[in-house]
Amino acid sequence: TANQKPVDLFAAGKTDDAIEAFLKLIETHPDHADAYESLGMVYYKMGKLDEAIEWTLKLAALRPKDAMAHTNLSVFYMKKGMKEKAEEEKAVATVLKFSGNA
């Protein structure tokens, strides 16, 4: 498992190992946007919405013009019942997509 990619670990059902691998990747490469996005999605799929939001907010801070980060935040907030926040994030994502920054 030490040489497996985090995504492969998650696909193999080794969620804890995948999370640990993503965290190590971020520790050594703090600007690795895909690792932040992946962590957000892993936590979302686990039903851990607060953690999903936390990591996706970090991605949005790292890449403010990343429309997908804001789209994911919109989904996560909606799942938490935070409709207003979800609509705000959806609006940001829409603006970014139409401004060519997506």
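Trainee: At what angle do helix α3 (residues 33-45) and helix α5 (residues 67-79) pack, and how far apart are their axes?

Mentor: Two packed helices are described by the angle between their axes and the distance between the axes. Axes are lines fitted to C-alpha atoms, for helices over the stretch in contact, and angles run from 0 to 180 degrees between N-to-C directions. Here α3 and α5 pack at an angle of about 20°, and their axes are 11 Å apart. Angles under 35 degrees count as roughly parallel, over 145 as roughly antiparallel, 65 to 115 as roughly perpendicular and the rest as oblique; α3 and α5 are therefore roughly parallel to each other. Please note that this is a predicted model, in which local features need pLDDT of at least 70 and side-chain atom pairs count only at pLDDT 80 or more, while totals for chains, interfaces and linings use all residues. Residues are numbered from 1 along each chain as its sequence is written, and side-chain values use heavy atoms, with hydrogens and water left out.

Trainee: Which residues of α3 and α5 make the contact?

Mentor: Contact means heavy atoms within 4.5 Å. From α3 come Glu37, Gly40, Met41 and Tyr44, and from α5 come Met68, Asn72, Val75, Phe76 and Lys79. By class, this contact of α3 with α5 has five nonpolar, two polar and two charged residues. For these classes, Ala, Val, Leu, Ile, Met, Phe, Trp, Tyr, Cys and Pro count as nonpolar, Asp, Glu, Lys and Arg as charged, and the others, Gly among them, as polar.

Trainee: How many helices and strands does the protein have?

Mentor: Helices (H or I, at least four residues) and strands (E, at least two) are DSSP runs, numbered from the N terminus. The protein has six helices and zero strands, in the pattern α-α-α-α-α-α along the sequence.

Trainee: At what angle do the axes of α3 and α4 cross?

Mentor: The axes of α3 and α4 cross at roughly 160° and come within 7 Å. That makes α3 roughly antiparallel to α4. In this pair, Ala33, Tyr36, Glu37, Leu39, Gly40, Tyr43 and Tyr44 of α3 meet Leu49, Glu51, Ala52, Trp55, Thr56, Lys58, Leu59 and Leu62 of α4. The contact of α3 with α4 has 10 nonpolar, two polar and three charged residues.

Trainee: How are α5 and helix α6 (residues 83-98) packed?

Mentor: Their angle is about 160°, with the axes 8 Å apart; α5 and α6 are therefore roughly antiparallel to each other. The residues that meet include Leu73 and Tyr77 in α5 and Val92 and Leu96 in α6.

Trainee: Is Thr56 buried or exposed?

Mentor: Buried means under 20% relative accessible area, exposed over 50%, and partly exposed in between (1.4 Å probe, protein chains only). Thr56 lies in helix α4 (residues 49-62) and, at 2% relative accessibility, counts as buried. Leaving aside neighbours within four places in sequence, Thr56 is in contact with Gly40, Ala69, Asn72, Leu73 and Phe76.

Trainee: What does Phe22 touch, not counting residues up to four places away in sequence?

Mentor: Phe22, placed in helix α2 (residues 15-28), touches Pro6, Val7, Ala35, Ser38, Leu39 and Val42 on that count. Phe22 is buried, with a relative accessible area of 4%.

Trainee: What percentage of the residues of the protein count as buried?

Mentor: Of the 102 residues of the protein, 34% count as buried. The C-alpha atoms fill a box of roughly 40 × 30 × 20 Å, taken along the principal axes.
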